[in-house]
Structure formats: structure tokens, C-alpha cells
Amino acid sequence: MEKFEQTFEAVSETTGEIYNVTFVSDGETVKAQCTCPAGQKLTLCKHVLKCIDEHTDIRYALTQCGLMQIYEEHLLLLKESEKIKREAKSVKKKFERLLLR
Ligand SMILES: [Zn+2]
């Protein structure tokens, strides 16, 4: 994996403020940092996710060091949990129909 440092600008949808999202590779792994309040608290913010979404080269680097696979596992589980949530709602509706008068 190649070493790199790339910075992107991300505009806040709510305040219009501009944040900087930086990805740094030391040749073995990739680290991301965003200057927004969430990013400063080391929380995965939507600006970092948006950059991953929009930049193929970043996704490629994340795949090379094994991080993209973890993110994809999260997305898969999220999708499954949404499906289970919908099923739970529909079973609750059925129970309501049968129980309540
Ligand atoms: Zn951010």
C-alpha cells in the first residue's frame, strides 16, 4: 500500500460550515480525521462516510488494509437489523388486530 495524505472539504448541511476530512496512510493502515465536533470526539461522522462514499481511491486503500470489509459488515448488519425491525412491527400490528377491540 502506498503512503498518502489527502484532505477533502465537507460542508455541514445544517450550518453551512466547512470541515476538513483528512485521510492519512502510513503504508500499512489508513487513519481518518474530521475537524467537525463529532470528528474531534473520534466519532465516525457523516463527513468521513461521505468521503468514503465519493472517493474510489480512499475505498481502495481501505480495502487494502482490511478496513473496508469491517465497514461493509456494519452496513450488512444495519440492513438486516432494519429488516428485522420491519418484521417486528408487522407482527406487533397483527397482535394488535387480534387482541384489541
Ligand atoms: Zn465530520
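# Close-up views of a predicted chain

**Figure 1. Strand 2 pairs with strand 3.** Strand 2 and strand 3 run antiparallel and are joined by five bridges. Two strands count as paired if DSSP finds at least two bridges between them. The model is predicted: local features need pLDDT of at least 70, side-chain atom pairs count only at pLDDT 80 or more, and totals for chains, interfaces and linings use all residues. Residue numbers start from 1 along each chain as its sequence is written. Helices (H or I, at least four residues) and strands (E, at least two) are DSSP runs numbered from the N terminus. Thr22 stands opposite Gln33 in strand 3. Four residues separate strand 2 and strand 3 in their hairpin, and Gly27 in the turn has a positive phi of about 100°.

**Figure 2. Strand 1 pairs with strand 2.** Strand 1 (residues 4–11) runs antiparallel to strand 2, with eight bridges between them. Val11 has Ile18 of strand 2 as its bridge partner. This hairpin has six residues between its strands; Gly16, in the turn, has a positive phi of about 80°.

Figure 3. Ala32 lies in strand 3. It counts as buried because it has 20 C-beta neighbours inside 10 Å; the cut-offs are 20 or more other C-beta atoms within 10 Å for buried, 12 or fewer for exposed, and anything in between for partly exposed, with C-beta atoms placed from the backbone. Leaving aside neighbours within four places in sequence, Ala32 is in contact with Val21, Phe23 and Val48, where contact means C-beta atoms, placed from the backbone, within 7 Å. With the same exclusion, the contacts of Val21 include Phe8, Ala32, Cys34, Val48 and Cys51. Glu13 is 19 residues from Ala32 in sequence and 20 Å away in space, C-alpha to C-alpha.

**Figure 4. The largest nonpolar core.** A nonpolar core is a set of buried Ala, Val, Leu, Ile, Met, Phe, Trp, Tyr and Cys residues joined through C-beta atoms within 7 Å. The largest has 15 residues, and those with the most contacts inside it are Val21, Cys34, Val48, Cys51 and Ile58. Strand 2, strand 3, helix 2 and helix 3 each give two or more residues to this core.

Figure 5. In helix 3 (residues 56–64), the buried residues are Ile58, Ala61 and Leu62. Down the helix axis these fall within an arc of 100°, so they line one face of helix 3; the arc is that of the directions from the helix axis to the C-beta atoms. On the other side, Thr56, Asp57 and Tyr60 are exposed. The cover over the buried residues includes strand 2 (18–25), strand 3 (30–34), helix 2 (46–54) and helix 4 (67–99). Gly66 follows helix 3 and has a positive phi, near 90°.

**Figure 6. The whole chain, for orientation.** From the N terminus, the elements run β-β-β-α-α-α-α. The chain is more spread out than a compact globule, because its radius of gyration is 19 Å, well over the 13 Å that the globule rule gives for 101 residues. That radius is taken over C-alpha atoms, and the rule is 2.2 Å times the number of residues to the power 0.38. The C-alpha trace spans about 65 × 35 × 20 Å along its principal axes. The chain is divided into domain 1 (1–65) and domain 2 (72–101), with bounds from an automatic or database domain assignment. The C-alpha centres of domain 1 and domain 2 are 33 Å apart. Of the 101 residues, 17% count as buried.

Terms used
Two residues are in contact if their C-beta atoms, placed from the backbone, lie within 7 Å.
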